[in-house]
Amino acid sequence: METGLEESLRQTVAALMRATGEPQRVLASVLGLTQAQVSRRQSGTTPWSLHDADILAAHYGMPALDLLAGPTRACAALARTRHTGEPGAHR
């Protein structure tokens, strides 16, 4: 079964958060949102915007198309220095 772009982006953000150990509050700060707003985006209550995707891609140091291509491609594109897999190991 094929996953839609919105669900794929939620999965990608979750995978990148796990890979970097970054909590939602870090993404909220990067995006200029509250942690609750990020939580709503991750739960699917509120959709991620293309503007959000551009900011997230820059934050994770990858082209936006890699971010939108899904978790596997985004995690592969993640800079090795950011890919720790350990909670709390974010910058």
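Predicted model: local features only at pLDDT ≥ 70, side-chain atom pairs only at ≥ 80, totals over all residues.

**Salt bridge notes**

I started with burial: aspartate 52 and arginine 41 are both buried.

Aspartate 52 and arginine 41 meet in a salt bridge, with N to O at 2.9 Å. The pair links distant parts of the chain, since aspartate 52 belongs to helix H4 (residues 50–60) and arginine 41 to helix H3 (residues 35–43), 11 residues apart.

How many salt bridges does a search of the whole structure find? I got three.

Then I turned to helix H1. Arginine 10 and glutamate 7 make a salt bridge through their side chains, 2.7 Å from N to O. I find both residues in helix H1 (residues 5–20), three residues apart, or about one turn of the helix.

Buried or partly exposed for this pair? Arginine 10 counts as buried because its relative accessibility is 15%, under the 20% cut-off. Glutamate 7 has a relative accessible area of 31%, so I put it down as partly exposed.

Last pair: aspartate 66 and arginine 73. They form a salt bridge, and I noted 2.8 Å between the closest N and O atoms. Aspartate 66 is at 14% relative accessibility, so this residue counts as buried. Arginine 73 comes out at 49% relative accessible area and is therefore partly exposed, because exposed would need over 50%.

A reminder to myself: side chains of opposite charge can pair when their charged atoms come close.

Methods
Residues numbered from 1 in each chain as written. Heavy atoms only, no water. Salt bridge = Lys/Arg side-chain N within 4 Å of Asp/Glu carboxyl O. Helix = DSSP H or I, 4+ residues; strand = E, 2+ residues; numbered from the N terminus. Buried < 20%, exposed > 50% of the residue type's maximum accessible area, 1.4 Å probe, protein only.
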